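Reader: I have a model open and want to learn how to read it. Can we go through it feature by feature?

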Amino acid sequence: MPHRLEIALKPDLLDAEGEGVRKKAAGYFNIAVDSVRTVQLLTIDADLNADQLDAIRSEIFTNPVTQVSDYNPLDIAFDWCIWVGYRPGVKDNPGDTAVEAIEDVLDCRFGEEEAVYTSRRYCIRGEAISRSDAETIAGELLSNDIIQQVKIFHRDQWDPDTGVG
């Protein structure tokens, strides 16, 4: 059963990556974005127990001083959420590195059908942003259509229990 770990900077810290997206949206496309918060996602498709999952979250992927993380979708306000992940069959080098780290910490080996997949979601705030604006940001700033896939959610479409699905 896959487990999705979400990791983000604490809300009081500047999200430099998000700020870069905000500035580029304004500078390149004249899209008024109030803020962008980035969330790193790790989809862990491996047979692991609750203790192992907690060790992965706390010992490998989360810096307790600067980050928050959870296996449930993080509650970050947005008007638009853009998820960007690798297309099936595209090499996910960060995912492979995550597998190595997990194997080292847990002293185990992943099976042939087990893997870690990395992706990001961008929580974008801005009342005046249209779906077309969100699509422009996704296609022109956040993804490469050749190797990545995108899902765009309006705040009214978001299910906080399932997240990006």
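Reader: Which residues does D92 touch, not counting residues up to four places away in sequence?

Author: First, a caution: this is a predicted model. D92 touches Y86, V116, Y117 and T118.

Reader: Where is D92 in the chain?

Author: D92 sits in a loop. That loop runs between β4 (80-86) and α3 (93-106).

Reader: Which side chain of opposite charge is nearest to D92?

Author: A salt bridge needs a side-chain nitrogen of Lys or Arg within 4 Å of a carboxyl oxygen of Asp or Glu. For D92, the nearest side chain of opposite charge is K91, 8.4 Å away. D92 therefore has no salt bridge under that cut-off.

Reader: What is the strand order here?

Author: The order is β3-β1-β2-β5-β4-β6. This is an open sheet of 6 strands with antiparallel pairing. β3 (67-70) and β6 (148-154) stand at the edges. Each has a single partner strand, so one side of each lacks a neighbour in the sheet. On average, neighbouring strands are turned by 20° against each other, direction ignored.

Reader: How many bridges join β1 and β3?

Author: Strand β1 (residues 2-9) pairs with β3 over 4 bridges, in the antiparallel sense. To find the pairing on screen, take E6: it stands opposite D70 in β3.

Reader: Which strands does helix α1 touch?

Author: Helix α1 (residues 16-29) packs on the sheet and touches β2 (35-45) and β5 (115-125). Its direction makes about 125° with that of β2. Helix α2 (residues 50-61) lies across β1, β2 and β3. Helix α2 runs at about 30° to β1.

Reader: Back to side chains. Is H154 buried or exposed?

Author: Buried means under 20% relative accessible area. H154 has 18% relative accessibility, so H154 counts as buried. H154 is found in strand β6. Leaving out residues up to four places away in sequence, H154 touches F78, D79, W80 and R131.

Methods: Residues numbered from 1 in each chain as written. Predicted model: local features only at pLDDT ≥ 70, side-chain atom pairs only at ≥ 80, totals over all residues. Heavy atoms only, no water. Helix = DSSP H or I, 4+ residues; strand = E, 2+ residues; numbered from the N terminus. Buried < 20%, exposed > 50% of the residue type's maximum accessible area, 1.4 Å probe, protein only. Lys, Arg positive; Asp, Glu negative; His and termini not counted. Contact = heavy atoms within 4.5 Å. Pairing = 2+ DSSP bridges. Axes fitted to C-alpha atoms, helices over the stretch in contact; angles between N-to-C directions.
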